[in-house]
Amino acid sequence: MTTNDLILFEDVSKFYGEVLGVNRVSLSLPPGVTTLVGPNGSGKSTLMNLMTGLVQPSSGRISVLGMTPGDPNAFFREVGYCTQFDSFPRGLTGWEFVFDSLLLHGMSGMDAHRLASEALARLGLTDAAYRKIAGYSKGMRQKVRLAQAVAHHPRVLVLDEPLNGLDPMARAESLALFEELSRQGMHLVISSHILDEVDRISDRVVLITGGYLVAQGDIHAVRREVRDKPMQVLIRCDRPELLASRMFTLNHCVEARLHADGGGVFLRTTDIDEFYRLLNGIATEGLVNIEAVAPADDDTQAIYQYLIGSEGGAS
Amino acid sequence: MSALVDTLRQQPWTLWWIQAKRILRIEVRRNLLTWRAAWIYFLAFVPTAIILIHFLFDRHLQFSLADDTDILAAIVQFYYIRLGIFFGCLGIFSRLIRGEMIERSLHLYLLAPVRREVLLLAKFASGAISAVLLFGSAMVANFALMYASYGAAGQEYVFNGPGLGQIEAYLGVVVLGCIGYGAVFLLLSMMFRNPTPAAMLVLGWEAINPVMPSLLQKISVASYLKHLMPITVPGKGIFALLSVQTEPVSGWIATMGLLLLTAVVLAYSCIRIRTLEIRYTTE
């Protein structure tokens, strides 16, 4: 993969006066969905603003598909950014907001009309398009910002808290849209505090706190790197108590907890590879009928708690 | 030199022109068609309203035509240049960048595929067009009302006398005043979170500028405009400070001087906007 396919941060730092924004961040993001995770003020929005040129790095270099915001004509044809700023120019309708922004690309009125209609329809705003944005609900304002960000068919979509203010149905629709865009080969960089929902579509996570990068990569790989926290596995089986006692007899597990419905057990292990080997052995013995095995704490929420040590919250 | 010409030729001028026209359309609409611009309309048309009242209720005698010509010149010299256009431009041009930062909507422009310099110059042009439309139309209305009340004598003065030349000069003063002050206030609004205190300093500077050394007089919008006035009204009392006679400068030198000053200020503004950062939390 060449630099023309990647979003690259090379030793990037940003200071706001004496206040640290982000410090010496190096990242290489391939196409797919990347989730930025971190508490409030951790530097997620700063990373996004740096990526799109809204703020300038104090040091280091950033490129998006080989381009920089210094050449906005080329850059912003390929990049769409849905910021968290819930503000709009006064007096505009949803249609004018999307249409006017497309006109700034230099395209013809007819093309802008077609793309604006398409984007608003995609976000389910066709009926509300000619109403003033000032009269929109928070969810509709979020949607119209999203429509504006995707209207010109960018290759990179940066989304700062895109699920904020959306009802469960709209969240599901937005996530489906993100998944679809990701399947089309786009880069999606998303920050969200609704970790369990974003987790479903995320290809990789970037954990950041206090302006420092804590971990990055495929979520399962990141989980394996957190060695000081034993991994938890849920095993669905017909005799969970027997399975747990067998694992303790083998002196492998460090913790066991029955599932609330009695049809499974959560086991914690410090060596996941050895754990699976032993489990295979037990299954082969036929003592326990195992129905399903699934990691129970290699999701973003769990890793967030392990590495950052608080409930997921972001802005 | 040829490399520079080649580089300039390779730039996407057509695209920039299209983008600038579209920004102009959006911004002129925002400048003029909003209730928040009401006070700028007031600034532009308050003399018009006063002249209209005189037109409706005063008896005009032919011998007062010369007095009214002086009054109109005084309105332009002391009101429009010093106050009306000054504060009108402060309102219009400080909204273009700083106003959008306060409303947290500037990022929408900065995320568009438009060069920041094109954005700045298009916004400046939109402010200039808006200000010239307001103050230019007020000036024409003032002039028309002032001489309409004299009937045939007024017509004679306008069409066969110095009238047309005077309104042409006044409109030139309005255009140059709007772009000169506009460029200054656009820059101040990028330099300061609240440009009003800085604008007050500019107002003070413009007032004392006529008594400054010749070199310093060149850094003043009003000093250039004074040389373009078709009629100079001698000031009395405090107004004397605003009408000090300085070394004579020809009209075209004053025009070029003001345009050069504007170009320098705009060039510096273009440099500043390239590194402008969106940090709404500090607004």
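Let me begin with Leu181(A), which, once its neighbours within four places in sequence are set aside, is in contact with Leu157(A), Met186(A) and Leu188(A), where contact requires C-beta atoms, placed from the backbone, to lie within 7 Å. Please keep in mind that this is a predicted model, in which local features need pLDDT of at least 70 and side-chain atom pairs count only at pLDDT 80 or more, while totals for chains, interfaces and linings use all residues. Residues are numbered from 1 along each chain as its sequence is written, and chains are lettered from A and ligands numbered from 1 in the order in which they are written.

Leu181(A) belongs to helix H6 (residues 168–183) of chain A; helices (H or I, at least four residues) and strands (E, at least two) are DSSP runs, numbered from the N terminus. Leu181(A) counts as partly exposed because it has 19 C-beta neighbours inside 10 Å; on this scale a residue is buried if 20 or more other C-beta atoms lie within 10 Å of its own, exposed if 12 or fewer, and partly exposed in between, with C-beta atoms placed from the backbone.

In the loop between strand E6 (156–160) and H6 of chain A we find Glu161(A), whose phi is near 50°, a positive value in a residue other than glycine. Glu161(A) counts as buried, with 20 C-beta neighbours inside 10 Å.

Turning to the strands, E3 (residues 32–37) of chain A has five of its six residues buried, so it is largely enclosed by the rest of the structure. E3(A) pairs in the parallel sense with strand E7 (residues 187–191) of chain A over five bridges, and pairing here asks that DSSP find at least two bridges between two strands. Thr34(A) has Val189(A) as its bridge partner in E7(A). E3(A) is also joined by four bridges to strand E8 (residues 204–209) of chain A, again running parallel, and there the partner of Val37(A) is Leu207(A).

A separate topic is the open sheet of three strands in the order E2-E1-E4 (chain A), whose pairing is antiparallel. Strands E2 (19–29) and E4 (59–64) of chain A stand at its edges with a single partner strand each, so one side of each is left without a neighbour in the sheet.

Among the helices, the axes of H3(A) and helix H5 (residues 138–150) of chain A come within 9 Å and cross at roughly 20°, axes being lines fitted to C-alpha atoms, for helices over the stretch in contact, with angles from 0 to 180 degrees between N-to-C directions. H3(A) and H5(A) are therefore roughly parallel to each other, given that angles under 35 degrees count as roughly parallel, over 145 as roughly antiparallel, 65 to 115 as roughly perpendicular and the rest as oblique.

Finally, how many residues does each chain bring to the contact between A and B? Chain A gives 24 residues and chain B gives 24 residues. On the side of chain A that touches chain B, helix H2 (72–78) and helix H3 (94–103) each supply at least two residues, and the largest share, four residues, comes from H2(A).

Methods
Contact = placed C-beta atoms within 7 Å.
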